Each structure stands twice: as C-alpha cells, then as structure tokens.
Amino acid sequence: MVSVPRLVIAAPASNSGKTTVATGLMAAFAARGLAVSPHKVGPDYIDPGYHSLATGRPGRNLDAYMCGPELVAPLFAHGAAGCDLAVVEGVMGLYDGASGQGELASTAQVAKLLKAPVVLVVDASSQSRSVAALVHGFASWDPQVRIGGVILNKVASDRHEALLRDALDESGLPVLGVIRRAPQVATPSRHLGLVPVAERQGDAVEAVRAMGERVRAGCDLEALMALARTAPALPDEPWTPAYAATAPAQGPRPVVAVAGGAAFTFAYAEHAELLTAAGAEVVVFDPLRDEKLPVGTAGLVIGGGFPEMYAPELSANEPLRRAVTELALSGAPVAAECAGLLYLARELDGKPMCGVLDAEARMSDRLTLGYRQAVAVSDSPLAAAGTRMRGHEFHRTVLEPGAGPVPAWGMHQPERRVEGYVQRGVHASYLHTHWAASPEVARRFVEHCRAR
C-alpha cells in the first residue's frame, strides 16, 4: 500500500493559473521543511522544470495516454516514495483529455486513478456570483471526481473577494485560497509555452520564490494539507526502473551521453533511470558549451528542447558537431527526439548542424501538437521493427524531407504517414515517447551500446 497525502490542482480551462498555484504550493510546503513530490498530468516538459526548482526533486509526468492508465498510480508511487506530500498539476481543463477519446489522459482521469482530492483553480476575473454556477457544474459533472475546494485566482479587490465568497457559500465547497492579481507571479512564455527553467536561471528562481510567497500569503496551507491527508492509500506497487535491468554482474558499463543544457531541456526523469538500470553509465553534456563528447561515449541520446533558439551557438560549436557526426557515422546507437532530430540535420534555419541526416530544418508558423500512435518501420538500436508505441508531437519546425529512405515510424493517428530516419545506428524522429511504458527500449539501446 502507498499512503502519501496528495492534491490534484485543476482548473476549468487553460490559463486559469494552475502552474502558478501548483508551483507556489510546492514551494510553500517545501519552505516548511516538507518533502514535496511534484507531478504533472500530460506530456508537458516545461512545467516540471519549475516544479523541480520549487521542491528540489525531479518533476515527473503522469500521462495516461502514453503510459496507459495502469501505470499512472505506479509511476506516481515511484516518484512520491518517502515524501510528506505530493502535488499534481493538471493539464488544460479538468475534463479535457486526448481528442475524441473521452476522459483518457485528462486531469479528471488521473485524479480518479490516484484517488486524490481536486482543488479547482478558478480565474475569477470579470465574474462574481457566476463563479458558483461554474464551480457547481464542475463539481457535479462526474461524481467520481472529488473536488475538495476552490482557489480563486486573479481577484481584483477586497470587494471582489467578498462577492465571490458569498456566492460560493451556496456551493458547499470551501474557498481554500484567494490570490490577487500580481505581475510577479507571471512567467514569460513564447511559441511552445513557458520559457524553460534552464534558460532563465536566476529569473526562474525569483519567479518560483514569488509564486511560493503569493500562494503562502493567499492560501490556507493547513486546510490544504488536511484535504491532502484525506486521500486513501493506493494498493498499487511502485513502478521501478529495475524492470529494464539486464546489466551483467560484472564488466564495464557503457557510457551513454545525454544532451542537456539550455537547448535540450525536454527529458523524462525515468529515461535516465531506465538507462542506468539497464547497465549504462549516464553522463550529461551541454552541446552549447562542451566541445567533446564524454570520454568513452558508446551511445548518444539527444532529446527535445529549443535548438531553434540557439541555432547560431550550436552551429558555432564545430568541434562537438564534428564529434557527434563521427560517432553517428561509426554506427554507434543514437536516439534523437524532436530537437535532437533538428540537431542531426544538415542545417537549421540556415545554420550548419551536424549533417548526419540529409535534411534541412526551419521554423514554421504552424504548431504541430498532439498524441500519436506509431509502429517502428524497421529495426534500430531503439526499437525492433513492429514495435508499437504511443507518443506526442510538439513543435513549430518543419524538416524537409520529413522521412528518410528508411523511416523511423509509421504513424496511425491522426493520419497515416511515415516519419523520421533510421540509418546506421541512428533513430531520429519528431515523436516524443515515454520509455516507462516500454522499458525494453532502454534495455535494447544499452545492449547495442554494450556490443560496440
């Protein structure tokens, strides 16, 4: 049994203040000396960075589409082990999930799987008594979703607060917090959402501190903790990366270099854990700063991020680009997702990249976003032909051509197409995947590294 006090922070719609409130709660409780486990519903990589900054622990995603509903509670238990409190930030509106698939991957579904009380964050600007109707509708829509209270955000004045409280007295749901409009709570955003923590450094620290102070001043932390303690124990066994472990009893551990730094910030914590459990020595390097790959690199993982924001700097690091090219041409296992795909291309927005792939990338006005079903077209160090995985795309770039002579994936949702590149040991694609759902991916990748 897993017994961790927990809250799900949800909202009627996006841009209601979920991230501000969730991150602020994490920071406020952590400042009290509690071990707070941070979680995010859905595939988003950026919010967990702020969560990690607030708590000092890895931000972890709970995605019922990519990992399956059956893994949500085990992955939660893995991340929350030994913690005093877990705070789960929702995605979009409370009942919004994968397009056309009912509640799948919604915050509501995750709350039910975790048997966790929900705190509804309501953007109270431009309304007063209507807030009660809004809250009543959300609280009564699904009887299995337990909304335990409301936090009112963007409240204009004492008078506005009084009107809102009077209206909600009739709803039967307690007001657990009131947060006034405040510019210091905001965080800057751009074409794919918030600016990642790794790019903001000191500014991000200040933003999280401000969130924590604002939430501490405006919310009833004792009442919120009491609500969190009403969550019952979960019967699920924690997920463990040891599922992927096939490391030999003795012998060297192959070095797997993982791209990091400001240009490559998109990574799920479980990926490094799985690689380590499968027998690899994971070493992070920064393609913006490091001119060499880590000593002994046998395999390379280049995840997502914002290379388009750093194309000149990435291009200027010619020694590293040359090292990556040489490694890829040698047949070493290389797994590249989205930003990694662009980095391996011949050029990005006219700036020379590694040239491993005969393709050119550029920024686009069109956002490509959504869940995908995919099947591996051919064998690679990452996946055997026929391997089925779920993932998501999230980018405003275009790669031409979008698929090589040997594509990486055949997509089956929302349309049928092939995508990505498999050549030598390289598997490069726009598709983001969560390896916890398919730990054999990490095992296969490390086995190929070990065989070199």
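Analyst: Let's start with K112, which counts as buried at 19% relative accessibility; buried here means under 20% relative accessible area, exposed means over 50%, and partly exposed is in between (1.4 Å probe, protein chains only). K112 meets the side chain of E103 in a salt bridge, 2.7 Å from N to O, and E103 counts as partly exposed at 34%. The cut-off for a salt bridge is a side-chain nitrogen of Lys or Arg within 4 Å of a carboxyl oxygen of Asp or Glu, and by that rule the count comes to 21.

A word on the ground rules: this is a predicted model, so local features need pLDDT of at least 70 and side-chain atom pairs count only at pLDDT 80 or more, while totals for chains, interfaces and linings use all residues. Residues are numbered from 1 along each chain as its sequence is written, and side-chain values use heavy atoms, with hydrogens and water left out.

Next up is E273, whose salt bridge with R60 has its closest N and O atoms 2.7 Å apart. E273 lies in helix α10 (residues 269-277) and R60 in strand β3 (residues 60-62), so this pair ties together parts that are 213 residues apart in sequence. Helices (H or I, at least four residues) and strands (E, at least two) are DSSP runs, numbered from the N terminus. R60 is buried at 8%, whereas E273 is partly exposed at 22%.

Then there's K40 with D47, where the closest N and O atoms of the salt bridge are 3.2 Å apart. K40 is buried, with a relative accessible area of 5%, and D47 is buried too, at 8%.
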